[in-house]
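Here's a walk through a two-chain model, taken one chain at a time. Keep the viewer open and follow along.

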Amino acid sequence: MSINPVINKLENGIFKHRAFVLAFFALTTVVLLFQATQLKLDAAFTKNIPLNHEYMQTYLKHQKDFGGANNILISVCDAEGDIFNEPFFDALKGVHDQLFFIPGVDRILVKSLFSPSTRFVEVVEDGFAGGPVIPANFRPDEQGLSVVKGNIEKAGIVGRMVADDYSCSMVTASLMEIDPSTGEKLDTLSIAEQLENDIRAQYENDRITVHVIGFAKMVGDVANGAKGVVVFFAIAIAITAIMVFFFCRSITLTLLPISCSLIAVIWQMGMLSSLGFGIDPMSILVPFLVFAIGVSHGVQMINSVVKQVRTGINCKEGAQNSFRALLIPGGVALLSDTIGFITLLSIDIGIIRELAITASLGVAMIILTNLVLLPVLISYMKLENKPLKASKRGGMHKSDVWHAMAALATRGPATVILVLTAGLYVFGLYHAQNMKIGELHAGAPSLHENSRYNQDTFLITDRYAISVDYISVIVETTPDACTSYDNLDVIDRFQWQLENVQGVQSAVSLASIAKIVNSGYNEGNPKWRVLSRNQQTLVQSIARVPTSSGLLNRDCSVMPVILFLEDHKAATITRVVDKVKAVASELNNDNLTFKLASGPVGVMAATNEAVEAAQLPMMLYVYGAVIILCLVSFKSVRATISVVLPLYIVSTLAQGVMTGLDIGLTVSTLPVIALGVGIGVDYGIYILSTMNARLKEGDSVEQAYFAALQERGSAVLLTGVTLAIGVSTWFFSALKFQVDMGILLTFMFLVNMLAAIIVLPAIAAFLWPKPKKDEKKQ
Amino acid sequence: MKSVIAAIVSCALASQAYAASQPMTAMQAPLASKSLLLDIENVEQAFMVVVGERGHILKSFDGEHWEQLAVPVQSTLTAVTFVDLKYGWAVGHDNTILATTDGGKNWEVQQFLPEREKPLLDVVFKDRDNGVAIGAYGQFFRTVDGGKNWSEEFHSEFLHEEDVEYLNELKLEDEEAYLDERASILPHFNKMVMDGRTSYLVGEVGLIAKSNDFGKTWQQFDSIYEGSFFDIERTQQGNLLTAGLRGNVFRSLRNGTPWQHIDTGSTSLVNDIVLTSDDRLLLLGNNGTLLISEDDGQRFSARPQPDGKALISGTWYRNKLVAVSEDGIKTITIAK
């Protein structure tokens with residue numbers, strides 16, 4: 001191999017200057033550890049959305065006029081079920097004022113009963129009468145409260161600002177991207193903290209409850225949940241350490257791969273911090289993953305060294321030989337992991353890109369720490385009898401198992417395996433077809449259903465007529481378009497068709513409000529609730545709708561139609577978006593177009609579409625990268641097929657599992673598929689790198705496989721189990737998306753491992769012809 | 001306020017030209033029975049027909065299952081009437097008049113004049129031939145052939161004296177301006193009710209009038225209130241009750257005593273008076289107002305609808321109130 005001289009040079013260089021290498025690693029670790037302590041949790045709304053998606057372009061274009069999807073809703077509730085009492089109004093006012101003064105809150109858009117823009121209008125004999133719902137001279141006594149109650153009814157805000165049953169009242173606000181007081185990017189997490197400390201903690205008591213929802217609060221809760229990750233990390237380290245110890249029966253040998261993997265994590269976090277990145281609560285699992293991958297490769301390394309030492313050479317030589325033997329397969333495996341992660345960059349969603357960077361950085365660090373630092377460290381060790389005995393004792397036992405397993409690589413059993421695998425594949429494929437894109441559950445999907453945040457969401461959707469799940473369809477026209485009956489009539493007809501879509505709870509637009517105002521101008525007579533064909537009358541109605549209503553911009557060239565949905569399940573979103581497209585194509589005309597989309601569900605729709613669109617290319621890139629790496633390192637098409645085919649089957653099965661467990665393809669689960677393939681390929685590469693060498697020497701598939709098992713079998717098993725354990729601790733996470741990722745990754749790690757030792761040899765049995773030499777030997 | 005609107009309308013009429021005014025067929029919609037519905041007609045206790053926004057007409061035999069009928073317009077329909085199980089008419093915005101001769105299966109457009117920018121608000125028929133449709137700004141159409149031809153009448157008896165003079169002067173000066181002004185000078189005619197040979201008409205600015213010749217000539221009552229009236233009914237005991245803006249209800253005994261204001265305790269607009277078969281009176285109004293009287297309208301007790309949605313028109317159908325509201329059809333049981 002032409003690569004050998006390079007490896008030789010590396011080997012000599014590294015092992016001749018061990019002290020220097022160690023000093024380098026020690027120094028770097030200290031520096032990066034310091035950097036890592038500076039690493040901050042970092043969450044931003046825009047990172048979670050596919051900014052270049054067509055819908056999001058519309059969203060960003062009109063964000064200034066209509067606010068965005070980054071809103072805060074605070075429902076203040078009275079436990080006794082009636083808001084008309086003094087303590088409640090005091091609390092409501094307090095919440096309003098506190099929210100108003102949180103930096104980053106768009107003060108103009110803070111709305112509650114107490115905001116001056118909350119007004120009522122009533123029809124009297126000689127026209128309209130009206131005023132603020134809470135009058136300037138308001139006193140929370142019986143009389144004052146009954147006036148307010150009357151005004152609330154006249155203002156028509158029951159269901160929006162006041163709960164249907166008068167048990168709660170809402171304070172809403174919109175968040176800005178930039179904090180105007182500092183000029184810096186808004187610190188979402190600090191806002192979440194202030195919402196919790198300055199508002200909820202202060203005003204919630206036995207009588208008053210405070211329910212806060214909105215992206216900032218959700219991220220804050222996710223970040224809090226994410227902090228629990230530290231515990232899982234500790235548990236994962238402990239379990240991994242025990243596993244490794246049982247494998248090698250040496251405390252030092254156990255500590256080394258674990259320490260090296262931790263160093264990789266430190267480097268990764270330090271580098272992130274140095275590069276100016278924070279870590280997003282959504283990708284807090286990546287260090288975990290890096291640790292698990294690190295340990296799995298470390299285990300291959302100590303396995304190899306122990307086996308070398310058993311042949312009687314000293315530790316340093318053993319380490320050197322292992323370095324030489326593993327640099328290629330280990331490097332290729334890690335490289336394919338890295339590439340698996342890097343392919344995620346092709347997805348135009350900030351948070352996935354960040355995950356790609358974070359993870360690929362981490363895996364790249366493992367190449368240094370576990371393929372270089374680890375053998376150097378081991379070379380200082382004195383490995384003698386103890387581990388030797390242990391592995392000998394185990395080895396006897398194991399080799400029987402390996403012999404039995406090697407039979408899998410003969411055509412008889414292989415046929416059975418392949419038929420079973422094909423059956424599983426068809427089964428998986430069938431279910432994979434039904435895999436849903438997007439969130440499948442109500443509430444914030446990142447959090448558990450019984451989390452405070454989701455309970456608050458359910459309370460608000462339950463008690464108010466509004467839903468936090470809304471999508472705005474933006475109507476773009478020409479200036480003053482709202483003064484034309486024809487334009488508003490088109491909007492009105494659009495709205496009606498959408499209101500009739502299953503899953504749409506209600507809808508509002510300038511057209512529907514103008515109709516109500518028109519009825520108001522006609523003494524409140526419902527028979528006049530129409531759009532007037534008369535331009536002056538129409539203008540008169542529209543003039544009463546302020547731009548702060550969010551239903552029109554300053555020159556009324558842009559008007560959203562806001563659709564409130566029952567939920568944000570993928571099926572609902574698809575149904576509504578499809579209908580919007582269909583009706584829009586029917587109603588769009590020369591001076592008026594309906595454009596998707598703004599509002600939280602608009603963002604979700606875009607994200608779903610981006611995720612769906614990214615799925616295929618991402619898979620192509622990942623598999624492309626894996627195939628190329630295999631071809632390069634094995635120089636064999638057969639070897640490549642043997643490695644990649646089981647991977648592909650497992651990916652399909654994983655999609656089937658997603659359908660079965662009601663896990664949708666989302667921003668958090670999409671990366672898992674790439675990660676699963678990238679990491680899953682490791683096993684195959686390790687097994688096949690030994691097999692391939694043997695096969696080239698003329699061994700039968702069975703013999704080659706037996707050799708591979710002897711050399712790497714236990715390490716591969718251990719690797720799979722270690723990785724699976726590392727991620728399976730996530731099952732207990734406070735965060736729903738971590739649970740989902742944990743399930744999927746555990747599945748992919750374990751099943752990929754099984755596929756590598758069961759399906760891979762079975763495929764190989766058919767790809768390589770039985771050599772004559774084989775018959776002779778037998 | 002009226003004169004302002006009148007001025008706006010007249011100048012708009014002069015300035016606007018209409019391009020296409022072909023009616024569009026109403027869309028079949030799952031939510032039609034939950035849309036804004038404005039009138040309900042109880043057709044001989046056999047079936048009910050409701051009309052409302054977007055050309056919605058629905059029919060039901062049991063008050064529970066409603067079938068949306070095919071309608072050739074999307075205009076908001078404000079009133080519907082049937083003379084028997086087959087012949088019916090519906091009127092509404094865009095000066096629409098629709099007719100059916102088969103109990104609602106098919107509707108034919110008898111009039112569609114969106115360029116007038118004025119709605120019709122009620123329709124009454126004496127028999128299959130003779131009917132009247134009334135509407136905003138004193139519009140008054142009559143047919144004697146079941147709606148094949150509709151002719152407009154201008155009821156100058158509702159003009160104030162000074163308006164008569166003003167119109168006469170204008171007519172001499174500028175014929176066109178005169179016609180414009182005339183088209184919007186009368187008050188809205190909100191509802192016409194037949195009571196035997198007598199017809200009653202209520203409308204804007206406290207308009208109450210009666211006619212003994214099916215609306216050819218009208219005698220106005222003395223003004224008792226400056227707001228609008230939306231309904232007038234003869235009660236089971238033969239007294240007259242009229243209701244209107246801001247919960248204003250007046251009662252006049254059968255012998256023609258002066259109108260007496262009834263305190264309803266409500267300030268919501270009353271849209272409709274419903275007579276029950278068990279001698280009660282119901283007032284349906286905005287903001288979920290439902291007022292019940294058990295003493296022929298002397299006193300009312302409130303039974304507000306919790307959703308606060310306007311109840312617009314109702315009928316007593318098989319011992320229940322079936323009402324249309326701003327969010328569709330509701331069946332309300334009112335225990336005695």
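Bear in mind that the whole thing is a predicted model.

## Chain A overall

Zooming out, chain A has 26 helices and twelve strands. Its C-alpha trace spans about 110 × 50 × 40 Å along the principal axes. Of its 778 residues, 55% are buried.

What about contacts along the sequence? Take the contacts in chain A with a separation of 6 or more: 79% of them are between residues 24 or more positions apart.

## A four-stranded sheet in chain A

Some of the strands in chain A form an open sheet of four, in the order 10-11-9-12, with antiparallel pairing. Strand 10 (504-508) and strand 12 of chain A sit at the edges; each has a single partner strand, so one side of each has no neighbour in the sheet. From one strand to the next, the twist averages 25 degrees. Helix 17 (residues 485-499) of chain A packs on this sheet and touches strand 9, strand 10, strand 11 (558-565) and strand 12 of chain A. The direction of helix 17 makes about 165 degrees with that of strand 10 of chain A.

Which residues face each other where strand 9 meets strand 12? The two strands of chain A run antiparallel and are joined by five bridges. Ile474(A) stands opposite Lys595(A) in strand 12, and Val473(A) stands opposite Leu596(A) in strand 12. Although strand 12 of chain A is at an edge, five of its six residues are buried, so call it mostly covered. Helix 21 of chain A also lies across strand 9, strand 11 and strand 12, running at about 90 degrees to strand 9 of chain A.

## Helix 3, one side in

Now look at helix 3 (residues 54-61) of chain A, where Tyr55(A), Met56(A), Thr58(A) and Tyr59(A) are buried. Why do these four end up on the same side of helix 3 of chain A? They cover an arc of only 155 degrees around the axis, which puts them there. The general rule behind this kind of pattern is that an α-helix has 3.6 residues a turn, so residues three or four places apart point the same way.

What do the buried residues of helix 3 of chain A pack against? Their partners are helix 4 (63-66), strand 9 (470-476), strand 12 (593-598) and helix 21 (599-634) of chain A. Strand 9 and strand 12 of chain A are the pair joined by five bridges.

## Chain B overall

Chain B is another story, with three helices and 27 strands. A compact globule of 336 residues would have a radius of gyration near 20 Å, and chain B agrees because its value is 20 Å. Its C-alpha trace spans about 60 × 45 × 35 Å along the principal axes.

For burial, 47% of the 336 residues of chain B count as buried. Among contacts in chain B between residues at least 6 apart in sequence, 44% join residues at least 24 apart.

## Annotated spans and strands in chain B

An unreviewed UniProt entry places "domain: Photosynthesis system II assembly factor Ycf48/Hcf136-like" at residues 65-112 and 117-188 of chain B. Residues 65-112 of chain B are 0% helix and 46% strand, with end C-alpha atoms 30 Å apart. Residues 117-188 of chain B are 29% helix and 24% strand, and there the end C-alpha atoms lie 14 Å apart.

An open sheet of four strands in chain B has the order 5-6-7-8 and antiparallel pairing. Strand 5 (77-82) and strand 8 (108-111) of chain B are the edges, each with a single partner strand, so one side of each lacks a neighbour in the sheet. The twist here averages 25 degrees from one strand to the next. Three bridges join strand 7 (residues 96-100) of chain B to strand 8 of chain B, and Ile97(B) has Gln111(B) in strand 8 as its bridge partner.

## A hairpin to finish

Further along, strand 13 (residues 189-195) and strand 14 (residues 198-203) of chain B pair in the antiparallel sense over six bridges. The bridge partner of Asp195(B) is Thr198(B) in strand 14 of chain B. This hairpin has two residues between the strands, and Gly196(B) takes a positive phi near 65 degrees.

Conventions. Residues numbered from 1 in each chain as written. Chains lettered and ligands numbered in written order. Predicted model: local features only at pLDDT ≥ 70, side-chain atom pairs only at ≥ 80, totals over all residues. Buried ≥ 20, exposed ≤ 12 C-beta atoms within 10 Å, placed from the backbone. Arc of directions from axis to C-beta. Contact = placed C-beta atoms within 7 Å. Rg over C-alpha atoms; globule rule 2.2 N^0.38 Å. Pairing = 2+ DSSP bridges. Axes fitted to C-alpha atoms, helices over the stretch in contact; angles between N-to-C directions. UniProt positions renumbered as here; feature names shortened; annotations may be inferred.
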